[in-house]
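Here are my notes for your read-through. Please keep the coordinates open beside them.

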Amino acid sequence: MTRALLRRAATDALFWSLIYAALWALFAAGRGWSLGIPTVALAVALSLWLGLRPPALRLAALPAFLGCFLRHMLLGAWDVARRAFQPGCPLQPAWHDFVLSSPSPRVRLLLSAMVGLLPGTLASRLDGERMRVHVLDERLPWRDTVGELERRLARLLDTGPER
């Protein structure tokens with residue numbers, strides 16, 4: 001094995017170790033490391049054996065992406081809470097197709113997961129260039145929100161043009 005391949009494998013192993021350890025800490029509330037360390041080691045070994053490469057991230061796009069996502073999450077949570085405390089507040093739930101602009105499967109999959117994290121929306125299916133979305137109130141500007149998240153996610157994952 002050449003030095004470049006060893007360096008790449010070590011960098012990949014470090015990346016996957018940090019990701020899997022952070023996930024273990026998050027899901028296990030920082031406990032159970034006697035089981036967590038071997039589990040993380042096995043997950044890292046499997047990732048390297050499968051040849052999984054860490055995603056290329058444009059770190060300069062991370063603050064804007066996080067700000068956008070958190071802003072929409074808070075606005076959505078506020079709207080859902082307001083509707084819960086005002087039973088007369090009208091709802092207009094509906095299913096819609098959202099046309100995806102990013103050709104990247106990684107962006108599409110992560111976007112569908114993120115839409116499900118936003119209060120009042122749920123992505124149920126990816127079908128070619130379309131993502132099926134359920135919204136709590138179709139009169140709200142949900143398409144703009146999903147479109148902005150898609151653009152920012154594509155920039156973050158280094159698959160979209162710099163803007």
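Predicted model: local features only at pLDDT ≥ 70, side-chain atom pairs only at ≥ 80, totals over all residues.

1. Sheet layout. The sheet is open and has three strands. Their order is S1-S3-S2, with antiparallel pairing. From one strand to the next, the twist averages 25°.

2. Edges. Which strands stand at the edges? They are S1, residues 94-99, and S2, residues 121-127. Each has a single partner strand, so one side of each lacks a neighbour in the sheet.

3. The S1 and S3 pairing. Strand S3 covers residues 130-135. S1 and S3 run antiparallel and are joined by six bridges.

4. Helix H4 spans residues 105-117 and lies across S2 and S3. The angle between H4 and S2 is about 155°. Helix H5, residues 142-156, lies across S1 and S3. H5 runs at about 35° to S1.

5. Arg58. Where does Arg58 lie? It sits in the loop between helix H2 (33-50) and helix H3 (62-85). Is Arg58 buried or exposed? Its relative accessibility is 16%. The cut-off for buried is under 20%, so Arg58 counts as buried.

6. The partner of Arg58. The Arg58 side chain makes a polar contact with the side chain of Asp158. The distance is 2.5 Å. Please look at this pair together with the loop that holds Arg58, between H2 and H3.

Conventions:
Residues numbered from 1 in each chain as written. Heavy atoms only, no water. Pairing = 2+ DSSP bridges. Helix = DSSP H or I, 4+ residues; strand = E, 2+ residues; numbered from the N terminus. Axes fitted to C-alpha atoms, helices over the stretch in contact; angles between N-to-C directions. Contact = heavy atoms within 4.5 Å. Buried < 20%, exposed > 50% of the residue type's maximum accessible area, 1.4 Å probe, protein only. Polar contact = N/O pair within 3.5 Å; in protein donor to acceptor, adjacent residues only side chain to side chain.
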